[in-house]
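Let's take a friendly tour of this structure, going from its pockets to its sheet and a pair of its helices. Have the viewer open and follow along.

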Amino acid sequence: MTQTKFLLSENDLPTHWYNIIADMPTPPPPPLHPGTKQPIGPSDLAPLFPMSLIQQEVSTERWIEIPEPVRAVYRLWRPTPLYRARRLEQALQTPAKIYYKYEGVSPVGSHKPNTAVAQAYYNKQEGTRRLTTETGAGQWGSALAMACRFFDLDCTVYMVKVSYHQKPYRRSIMEVYGATVYASPTDRTQAGRKILAQNPDSPGSLGIAISEAVEDAATHDDTKYSLGSVLNHVLLHQTVIGLEARKQMEQAGDWPDIVIGCIGGGSNFAGIAFPFVMDKLTGKTPHLRALAVEPTACPTLTRGRYVYDFGDTAELTPLVKMYTLGHTFVPPSIHAGGLRYHGDAPLVCQLYHDGVLEATAYPQNPVFQAAVQFARAEGIVPAPEAAHAVKAAIDEAIRCREEGRSRTILFNLSGHGYFDLAAYDAYLAGKLEDYEYPQEAIDRALAMLPQV
């Protein structure tokens, strides 16, 4: 029998998360206090995060145990399936073997609950009553809304305004779970009012929404802030994806030569890639390629600068060293709303800077073309964000065909696109515009970087 689907039992659910910091050749530079420009300590983060997550943020332990209450919720959908994309291989006439880890089976249809559940659990343990957060496409907001409901926490979501209007049913899902959702920028915070005063028609950005959520949390004693990407502890929680995929690749009697994930903040890419990069860093698979894929409309790794920058627009967050387009950068209203962040996870950026990882960028029309090709071959309609990984996997498979070489390709299909059909409508009607961000606009944003 030719096997297409590789499944694990609940007994195979990982018991620990993998912390790549333990194996990195260069330790990541420390975050800096926005006022003093000195390295921050746990007390600086305490107004925003529970101490257990702060400890995970700075941990150098290779393995961190997953609490049983978190694993109990994971079992609702984890372990997730791994598929061999045989029909896509046939359509491409490629000698490559293509596998994808499908995170779209979670209740909210993406990889985001892997960290949302963990963050809600730790906050509940330390007496938090309410969590605030930002969301772009709505994948993260709906995941945190669900996790807060499971652990009896209130949830306030600042949703990037353009996505709030493009994706109304994502907002509906959050409200089904009991969250309160605002279109950001709002007039509820000083950060939001400042942006609206400058531009009443602002489409919003993840940087602006982060500013609002952080300000809300910092000004309420019973409230903490929750972030869906970028931070070390978030990437840590997502490694359940790659840890499961390792077992499934062993089931398949195969091992990836190339691991691919889309990247906005970095948690999706890190979730699939880091557990395989572990072998590259320890010398077991030195030739492994790990490829992060971003949009040309927000080309952080491929055109950003590796410097200290704020994680938000209003300069409320610590300074972190990352590839950035500048914290004042407001990307265009592309449909891959989850990839519209001006920076990237410091761990991903450090590894990219060290040459351990690769990055590439695509315009949105070729990405949607690849998504439609994948859907017609494999049946699943990818989220616009995940479709960037699909595009890169197809290109790598075509390269194998042209070179007459077989390679094993693994990518993370991190969410389905069933709430993104307006974007598919626009693509099928020929109304999607490709956008390459002008260098002068990037230069203007980079000119506003803090002096460190």
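## What counts as a pocket

A pocket here is an open set of points on a 1 Å grid, with protein on both sides within 12 Å along at least five of seven lines. Please keep in mind that the model is a predicted one.

## The largest pocket

The largest pocket holds about 650 Å³ of space. Its lining is made up of 35 residues, and those nearest the centre are Pro31, Ile40, Glu57, Leu231 and Val320. By class, the lining of this pocket has 26 nonpolar, seven polar and two charged residues.

Which elements each supply at least two residues of that lining? They are α1 (42-45), α2 (51-58), α10, α11 (232-238), β13 (319-324) and α15 (346-353). Helix α2 gives the most, with four residues.

## The second largest pocket

The second largest pocket has about 210 Å³ of space. It is lined by 13 residues, with Asp44, Leu48, Val214, Leu316 and Pro318 the closest to its centre. Nine nonpolar, two polar and two charged residues form this lining.

Both α1 and α10 supply at least two residues here, and the largest share, three residues, comes from α10. These two helices also each give at least two residues to the lining of the largest pocket.

## The sheet and its helices

Four strands form an open sheet in the order β8-β7-β6-β9, with parallel pairing. At its edges are β8 (180-184) and β9 (223-225), each of which pairs on one side only. From one strand to the next, the twist averages 25 degrees.

Strand β6 (residues 130-135) pairs with β9 in the parallel sense over three bridges; within this pairing, threonine 132 has tyrosine 225 of β9 as its bridge partner. Helix α8 (residues 168-176) packs on the sheet, where it touches β6, β7 (154-160) and β8, and its direction makes about 170 degrees with that of β7. Helix α10 (residues 206-218) lies across β6, β7, β8 and β9 and runs at about 170 degrees to β6.

## A helix crossing

How do α12 and α13 cross, right-handed or left-handed? The crossing is right-handed, and the axes of α12 (residues 240-251) and α13 (residues 267-281) come within 6 Å at an angle of roughly 60 degrees.

On the α12 side, Ile241, Gly242, Leu243, Ala245, Arg246 and Met249 meet Gly271, Ile272, Pro275, Phe276, Met278 and Asp279 of α13. By class, this contact has eight nonpolar, two polar and two charged residues.

Definitions and conventions:
Residues numbered from 1 in each chain as written. Predicted model: local features only at pLDDT ≥ 70, side-chain atom pairs only at ≥ 80, totals over all residues. Heavy atoms only, no water. Axes fitted to C-alpha atoms, helices over the stretch in contact; angles between N-to-C directions. Left-handed = near helix turned anticlockwise from the far one by under 90°. Contact = heavy atoms within 4.5 Å. Nonpolar A, V, L, I, M, F, W, Y, C, P; charged D, E, K, R; others polar. Pairing = 2+ DSSP bridges. 1 Å grid on protein atoms, 1.4 Å probe; cavity = no way out; pocket = protein on both sides within 12 Å on 5 of 7 lines; lining within 4 Å. Points joined across faces, edges and corners; volume = space filled by probe spheres on them.
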